[in-house]
Every structure is written in structure tokens, then in C-alpha cells.
Amino acid sequence: MMIRYASYFIAALLPLLLFRWFAPVSVGEIDFWLLWLLAMILVALPVVYAEIALAYRSVDAPLAGMQKLTREADASPIWRSFGWLAALVSVVVAALVVSGVSTSILTALADLNSAPAVPSFAIAAGLMVIAVLLSLVGVTPLPIGLGLMVVGLLLGVLNGLPNIDFAMTNVSLAEWARAVALALVSVGAGTGLYWFGQNLVSKQAVSAVEEEKSQVKSKATDRSHRATRLVLPIWILQLLVGVVALFISGMVLPPIGQLLYGIGVLFVVSYLLHYSSQQLAHKFGLLVSLVITAVVALALVVIIPPIWLVGILVIVSSVAVLLLSIFTGWQMKISHLRKSLNFGSEGLYNLWRVAIRLVVPLALLLALVGWVMQWLS
């Protein structure tokens with residue numbers, strides 16, 4: 001039962017985890033939130049459809065699935081790098097939020113006169129080790145993490161919501177870059193998390209015996225397996241949680257709230273690390289992949305400053321989404337995608353195809369230019 005709702009838990013959690021890293025500087029800019037809504041429609045929504053379509057078509061996890069799909073499409077192995085990048089994105093997200101939580105926990109303990117005499121990066125490293133161990137549990141920590149985070153946020157709400165002065169500002173490429181980044185990371189587009197979640201559901205429902213795989217593929221074309229029935233609830237949930245995260249992104253939590261929120265984040269991070277290690281296990285086996293995930297996560301959280309992790313996340317996630325959109329739009333066979341998506345009308349399919357082939361790559365390239373301009377300035 002928990003596996004079936006893993007994608008919905010992730011959809012609710014990602015905006016809460018990541019809005020603070022992209023929203024505060026623009027929290028009162030009405031034009032920024034309009035750009036974010038536009039990016040959610042033009043970029044994030046088509047990409048989530050693409051992930052689900054590839055999940056239905058490959059009947060496997062992202063890394064293994066991309067190998068099948070590239071062979072099927074007779075495409076270059078370079079497109080398989082999406083699976084590797086998706087696993088890396090999840091680890092970078094884990095490192096970024098653990099870095100932020102370690103600072104919050106130290107602040108909360110200091111307010112309670114219980115702060116240990118250790119640096120923030122040491123706390124972050126310890127938290128990451130705990131998250132790696134929790135990752136062995138799989139999906140189970142997700143609802144626990146969500147519950148603890150919600151309780152922590154409610155304690156902050158009792159102290160009062162931040163006062164936000166909304167105003168229109170000048171639109172720029174840098175603003176579009178932040179809006180696209182926020183749409184991608186808060187939705188989880190390009191991480192492969194929804195692809196992975198759908199694969200977990202398929203594994204639960206269907207035996208992994210080789211001769212039954214053809215039956216699984218035929219289910220993707222059944223009317224009960226329309227991609228819209230999975231994608232739209234996820235996207236709408238992220239939109240609603242994103243609006244909530246907008247109003248609370250600058251909220252100050254009381255010490256107990258910070259501690260509960262931090263512990264909740266740790267449970268969520270464990271699932272991100274579980275996802276990454278499961279992907280790498282396709283190549284290296286579970287034990288080696290767990291060690292690789294732990295080493296990379298620890299290196300990121302100890303060595304790389306959080307502000308740099310934000311830049312790494314923007315670049316890696318943008319490149320991953322760009323690869324996914326080009327492969328899906330230009331390399332996959334039209335008939336395969338049409339069957340996997342199973343739209344109710346040909347017009348909707350054509351709109352999606354135009355978006356994934358042209359709109360998404362162009363929007364991403366403009367966003368990357370905006371980020372470069374912002375970093376150079």
C-alpha cells in the first residue's frame with residue numbers, strides 16, 4: 001500500500017524541501033510567481049508526462065529502463081546518461097537539504113542551551129550517515145517524514161505567518177531562470193522519482209518473470225493505464241503545496257519545530273538515497289551502490305558549501321531534463337509514446353509532443369543563460 005502512494009508523498013514533500021533555496025529573494029514578486037506557474041505548465045508538466053510514458057514503456061527503473069529504450073529506438077548510448085544524472089540529482093538534493101537542516105538543528109539546540117561544540121558540517125555528516133542507514137528501509141520513512149515536517153511547520157504557523165509585501169517587478173532572464181529551476185526541482189522533473197515510483201507499483205502488481213513482461217507492456221495501452229490519471233494528481237498536488245510553501249518559505253520555526261522538521265527531512269532524505277542506490281545497483285550490486293551513494297553524499301555535504309550545491313543542482317537537473325526531453329521528443333518512436341501516454345484525443349498528444357520537442361528545450365536553454373548571467377553578475 002505504501003509503495004502505491006510513494007509518488008504522491010514525494011510530490012507533496014519536494015516543494016516543502018526546496019522552496020527555501022529558490023523562493024526567499026523573490027517571495028513577494030508577483031511576476032516571479034506568474035513565471036513559476038508558466039514554467040510549471042510549459043516545462044514541468046510535459047516532463048512528468050515524459051517520465052511516466054517511459055516508465056510504462058520500459059517497465060523498469062530509470063537506469064535499466066533507459067538501456068532498454070535506447071536499444072529499442074536504436075539511439076546512441078549517450079542518452080542513457082539520464083539515468084546516471086537522475087541518481088546524482090537525488091543525492092545532490094539530499095546533500096543540500098541535509099546541509100540546511102544541520103544548521104537549523106544547531107540553531108535550535110543553541111536556543112535550548114544544548115548546542116554541542118561541533119561544526120555544522122560534522123552534524124551534517126552524522127545526519128547523512130543516519131539517512132544512509134534509514135535508506136535500507138525503502139519507502140516506509142516517507143509518511144513519517146511528511147508527518148514530522150507538517151507538525152514542525154504547524155508549530156511555526158502558531159507563531160504567525162511572515163508578512164509578505166507583494167508587488168510587480170521587472171521581468172528578466174534571471175527571474176525566468178529561478179522560476180524554471182523552482183518548477184523543476186520542486187516538481188522533481190528529471191529526477192526519475194516518478195518513473196521509479198511507477199516501477200515499484202509495477203513490481204508489486206506483476207511478477208518479474210521474463211515471459212510476463214509482455215503482459216505488463218500491454219497494460220500500458222489499456223484504458224485503465226492512462227498517463228493522465230497518474231500525472232495530473234501529482235502535478236496538481238505539487239501546485240497546491242507550492243502555493244503553501246510560498247507563504248511559509250520565510251517562516252521562522254520555534255526550536256522544537258525546527259528539530260521536528262529536521263528529523264522529518266532526515267526520513268525523506270533516506271528515500272532519496274534509497275532511490276539512488278537502487279539505480280546504481282543495476283550496475284554495481286546493492287552493497288557497492290550503497291557505499292558509492294554514501295561516499296558521494298558525504299563528500300557533497302562536507303566539502304561543498306550549500307550555495308554551491310544549489311548551483312550544482314540547477315545545472316545537473318537542467319541537463320538531465322534536457323536529455324530526457326530531447327530523447328523522448330526526437331529519438332523515441334511516435335507510436336510507442338502514443339500507446340504509453342494513451343491520451344483521450346490526438347490533439348492532446350500533439351500538444352504534448354510540441355511541448356516536449358520544442359518548448360521544454362528552449363525554456364531550459366533560456367533558463368541556463370539566465371543563470372549564467374546571474375552568476376557572472
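The face of helix H6 turned away from its buried side carries the exposed residues Leu 154 and Leu 158. Buried here means under 20% relative accessible area, exposed over 50%, and partly exposed in between (1.4 Å probe, protein chains only). This is a predicted model, in which local features need pLDDT of at least 70 and side-chain atom pairs count only at pLDDT 80 or more, while totals for chains, interfaces and linings use all residues. Residues are numbered from 1 along each chain as its sequence is written, and side-chain values use heavy atoms, with hydrogens and water left out.

**Helix H6**

- H6 covers residues 141–158, which is 18 residues; helices (H or I, at least four residues) and strands (E, at least two) are DSSP runs, numbered from the N terminus.
- From its first C-alpha to its last, H6 reaches 26 Å, close to the 26 Å expected at 1.5 Å a residue; the expected span is 1.5 Å times one less than the number of residues.
- The buried residues of H6 are Pro 141, Leu 142, Gly 145, Leu 146, Met 149, Gly 152, Leu 153 and Gly 156.
- These buried residues fall within an arc of 135° seen down the axis of H6, so they line one face of the helix; the arc is that of the directions from the helix axis to the C-beta atoms.
- An α-helix has 3.6 residues a turn, so residues three or four places apart point the same way.
- The buried residues of H6 pack against helices H1 (6–22), H5 (120–134), H10 (228–248) and H11 (255–284), where contact means heavy atoms within 4.5 Å.

**Salt bridges**

- Four salt bridges are found in a search of the whole structure; each is a side-chain nitrogen of Lys or Arg within 4 Å of a carboxyl oxygen of Asp or Glu.
- One of them joins the side chains of Arg 178 and Glu 29 (3.8 Å, N to O).
- This pair links distant parts of the chain, 149 residues apart: Arg 178 lies in helix H7 (residues 173–187) and Glu 29 in the loop between H1 and helix H2 (30–58).
- Both Arg 178 and Glu 29 are buried.
- Another salt bridge pairs Glu 72 with Arg 57, with the closest N and O atoms 3.0 Å apart.
- Glu 72 is in helix H3 (residues 62–72) and Arg 57 in helix H2, 15 residues apart.
- Glu 72 counts as partly exposed because its relative accessibility is 26%, and Arg 57 counts as buried because its value is 18%.
- Arg 338 forms a salt bridge with Glu 346, and their closest N and O atoms are 3.0 Å apart.
- Arg 338 is partly exposed at 34% relative accessible area, and Glu 346 is partly exposed at 39%.
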